[in-house]
Amino acid sequence: MQCPLLYRFRVIDKLPEKPSPAATRGTLVHAVLERLFDDPAAERTAPKARAMVPGQWSRLLESRPELESLFEDDEDGERLARWLREAEELVERWFTLEDPTRLEPAERELFVETELESGLRLRGVIDRVDVAPSGEVRIVDYKTGKAPRPEYGDSALFQMTFYALVVWRLKGVLPRRLQLVYLGSGDVVTYDPVMADLRRVERKLLALWDAIRKATETGDWRPRPTKLCGWCDHRAFCPEFGGTPPVYPLPVQSTGPGQNGPGPAIS
């Protein structure tokens, strides 16, 4: 949805991408908020959560050593220290938005996968699922950036409705509430979906997969320039910036059912 050519570079060409400080900080903050719920409710305090940041950073480095490259030229450690402080501030801000002593999530970092009647598989990872005593389900997603202006909020809402669709398909329960927690700006955005929302997203996913299948068959992946291009690792290969994409690694066909693309799944 963001850029068809970027999809090709990532999914088909599998071009490497450099670690991002912002994305890595988001992963770190998510890890802290997930593990905080391992402790008894009374012990889930802001100072304790903040103190967890360095240890979780060490664990992250153990599992992904390539992240050391983010600060390889930081000889005095000043940039790393500032980056860790920013992560600590995001974790601390969460306590002004939610009270973890009153929450007992049913699931954390939940991997979900389901298959539509068309055979298209949907999968994703949900940050948190809360289930009320009445059985009502709330899906919660943490965002370490700032809340977008209303006219730019469709992407995040689409993601959350995607999760709601998968949960409904798996459990037969329509989530009561979708909740986005923006730690960067201190905002909480909620939306209560209805079945029409889920059907609309399902139709959009089927149309999206059809576009992916056709582009896979023809090799015609169009760039979609936006302000996000400034953060793209693949500008050297993008025609919008004078680059040439790598040789297309799949057979190209003008017609047919499309057997050459990646397996039918959207994550």
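**Domains and their interface**

Mentor: Taken over C-alpha atoms, the centres of domain 1 and domain 2 are separated by 22 Å. Please bear in mind that this is a predicted model.

Trainee: Into which domains is the chain divided?

Mentor: Domain 1 covers residues 4-101, and domain 2 covers residues 104-209.

Trainee: How is an interface between two such parts described?

Mentor: The size of an interface is often given as the accessible area lost when the parts come together. Here, about 1,400 Å² is buried between domain 1 and domain 2, and carbon and sulfur atoms give 60% of that area. In terms of residues, 16 from domain 1 are in contact with 19 from domain 2.

Trainee: How many salt bridges are counted between domain 1 and domain 2?

Mentor: The count between the two domains is three salt bridges.

**Salt bridges**

Trainee: What is the general idea behind a salt bridge?

Mentor: Side chains of opposite charge can pair when their charged atoms come close. The cut-off applied is 4 Å, from a side-chain nitrogen of Lys or Arg to a carboxyl oxygen of Asp or Glu. By this rule, the model has 27 salt bridges.

Trainee: How far apart are the closest N and O atoms of Arg121 and Glu113?

Mentor: In that salt bridge the closest N and O atoms are 3.6 Å apart, a value within the 4 Å cut-off. Arg121 has a relative accessibility of 27% and counts as partly exposed; Glu113, at 33%, is also partly exposed.

Trainee: What can be said of Asp220 and Arg222?

Mentor: Their side chains meet in a salt bridge of 2.7 Å, N to O. Asp220 is partly exposed, with a relative accessibility of 38%, whereas Arg222 is exposed, with a relative accessible area of 54%. Elsewhere, salt bridges with shared partners join Glu98, Arg128, Asp130 and Arg138 into one network. A further pair is Arg44 and Glu104, whose side chains meet at 3.0 Å, N to O.

**A helix with a buried face**

Trainee: Which residues of α4 are buried?

Mentor: The buried residues are Trp83, Leu84, Ala87, Glu88, Leu90, Val91 and Trp94. Viewed down the axis of α4, they fall within an arc of 160°, so they line one face of the helix.

Trainee: Against which elements do the buried residues of α4 pack?

Mentor: They pack against helices α2 (21-36) and α3 (46-63), and against strands β2 (121-131), β3 (137-143) and β4 (177-182).

**A residue in a loop**

Trainee: Where does Thr45 lie?

Mentor: Thr45 is in the loop between α2 and α3, and counts as partly exposed at 32% relative accessibility. The C-alpha atoms of Thr45 and Leu206 are separated by 44 Å, and these two residues are 161 residues apart along the chain.

How values were computed: Residues numbered from 1 in each chain as written. Predicted model: local features only at pLDDT ≥ 70, side-chain atom pairs only at ≥ 80, totals over all residues. Heavy atoms only, no water. Buried < 20%, exposed > 50% of the residue type's maximum accessible area, 1.4 Å probe, protein only. Helix = DSSP H or I, 4+ residues; strand = E, 2+ residues; numbered from the N terminus. Arc of directions from axis to C-beta. Contact = heavy atoms within 4.5 Å. Domains from an automatic or database assignment. Buried area = accessible area lost by both parts, 1.4 Å probe.
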